[in-house]
Amino acid sequence: MKRSYLLIAAVAFALSLLVPLVVRTDYVLQILFRIYLFAALGLAWNLVGGYTGQLSLGHAAYFGAGAYGLAILSREGLPLWLSLICAVLVALLFAWLIGGVSFRLRGPYFALATIAFAEVLRVLAKNLVKLTGGDVGIQVPPMFTSAVIGKFYLSSVGLTILAFGITVGISHSRFGYYLMAIRDDEDTALSVGVNAARVKLYALFISAALTAIAGALYGSLFLFVVPDQVLSIDISNEIAIVAMLGGAGTVLGPIVGAVVLESASELLKSIFQEAHLLIYGVLLVVVVLFMPEGVVGTIQSVFRRKELAPPPGFVKPQAQAPVIK
Amino acid sequence: MLNGILTGALYALVGMGMALIFGVMRIVNFAHGAFMMLGMYAAYVLFQHTKINPYIGFLFAGVVLFALGWLTYKGLLKPIRGQSDFMQILLTLGLSLILSDGILLIFGADYHQINIPLLGKNIHIGPHITFNAPWVISFFIALVLAALLYVFVMRTMIGRAARAIAQNRYAAPLMGINVHRVQAISFGVGVAAAGIAGALLLPVFYLYPGVGDQFTLKAFVMVVLGGMGSIQGAAFAGLVLGVVESLTSLYWGNEWALAVDFVIFILVLSLKPSGLFGSQRV
């Protein structure tokens, strides 16, 4: 990534941190919180779904682990920050279990297995009433006491910056190249000595930890969570759609995706009410059919084509979309 | 147990449709349950307007869903054929969101149920065994249709062509098979199977826009359990799943049934990926 981009990103983040000084409406701040939360979630997902090319449709498992972990552990008397850390550890345990089984599968089977795990967790959360409160839900302790929304907003920006930093770091590291090698051709990556199983699992660990923190933030803002909300397949889908819409495997993609998707769904909520998922569906179909590289990916490849304009008379080869297996 | 077999026959129909689409054609169809839901709504609308019973109305649902499946293939899936599974998953996922929320917009989120006189009737066999009549009728219709579907895939030209394409995508067109035509028809048939199962479930299920969601995953479970590419495997797996679910409901409670399905799924994938009848590894 070019230095100028990084500079722009740094300025944008700095401005975002100043937003609560200007915006005082809770409603707007809550929407902004949601945008940043999903930007962070999309960035986290992107490490597994974008860079490594493993289509996880079960990230609700880690999201829910964060929210429920925080709620259950602090109910048992652990201090708030320790509960948060332990919730992340629980998410890592889930990642280890899910990744251990699912990463042996490829293509659609991986996606299906991740869905299956997340759904099993949802059913467990609904039925282990003593532990989770079942369908009724469970109370989540507030992380902040005064000027609540503003602080939640700042935390979501902070989480996005963290996820962004990690993504930038990884995309230029040896580890990042391993991930992309696995995405482009897992067998070749294996044959040149990439320990694919371990590398994929590490990527999932980072992703799951970030997702769990986001889940804890989300639960803590609303003070209450139910299984059909934080562990639902809709959350998994939304996370994946954010990243795919903006551009999987790009650093900026998930942030752009979150801005576009969340503001679109907020604007259309008043028109479609309960049916606001419709817009997710339409966006997904449009992205797949017309810009499979996402918004950022498409813009980048347009620029790349301009930079590498062939000499006159040269027969231009067909531009190819990156193959995501 | 016996009720499980009755449910299982309808599952089998859903699963066989998916086996054709996913097992044979390798299209990862995340909209399968949404198509089933559409089948239910088609039969429902027909019933509301003409009072035609779903046991005849399922034919209408089948025709509508076939047309819809054919169009879906031609319009949406054909352009991305040959691209990765990743794209198919996202496309069909998007489609399923569009279908279920489109229905939500049109019909609202309310639960509907149809009232036909048959519902209250029970069939008694011996002193202890009682069946609810609608289930029994659905069961026999599903059985006949499952047999027809099997014949379609294994014996007709289209079915053979579809399997030939599955074996070798490049050789099939060389043998004079019109790949896209065959696949569009097969996709339509697979989707129609789901729609018909939906119509047959109408008398015994509540109808709401999200009713199909869990069936998408169940259909995948059946295909994997039955073995990739095996139509009869999926049918058998449907019966197994029906029985397992009804036993789970009986001993542990209804809410655990879904979890048991997925545990089966994960176990099959990790321990015996070729499924019960499949020859291919997944």
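Predicted model: local features only at pLDDT ≥ 70, side-chain atom pairs only at ≥ 80, totals over all residues.

1. Residues are numbered from 1 along each chain as its sequence is written, while chains are lettered from A and ligands numbered from 1 in the order in which they are written.

2. Chain A has 15 helices and 2 strands (DSSP runs, H or I of at least four residues for helices and E of at least two for strands, numbered from the N terminus). Its C-alpha trace spans about 70 × 50 × 35 Å along the principal axes.

3. How much of chain A is buried? Of its 325 residues, 50% count as such, meaning that 20 or more other C-beta atoms, placed from the backbone, lie within 10 Å of the residue's own.

4. On to chain B: the end C-alpha atoms of α10 (residues 231–251) are 30 Å apart, which agrees with the 30 Å that its 21 residues should span at 1.5 Å a residue (1.5 Å times one less than the number of residues). Just after α10(B), B:Gly253 takes a positive phi of about 115°.

5. At the interface, 34 residues of chain B are in contact with 36 residues of chain A (C-beta atoms, placed from the backbone, within 7 Å). On the chain B side, α4(B) gives the most, with 15 residues.

Notes:
Buried ≥ 20, exposed ≤ 12 C-beta atoms within 10 Å, placed from the backbone. Contact = placed C-beta atoms within 7 Å.
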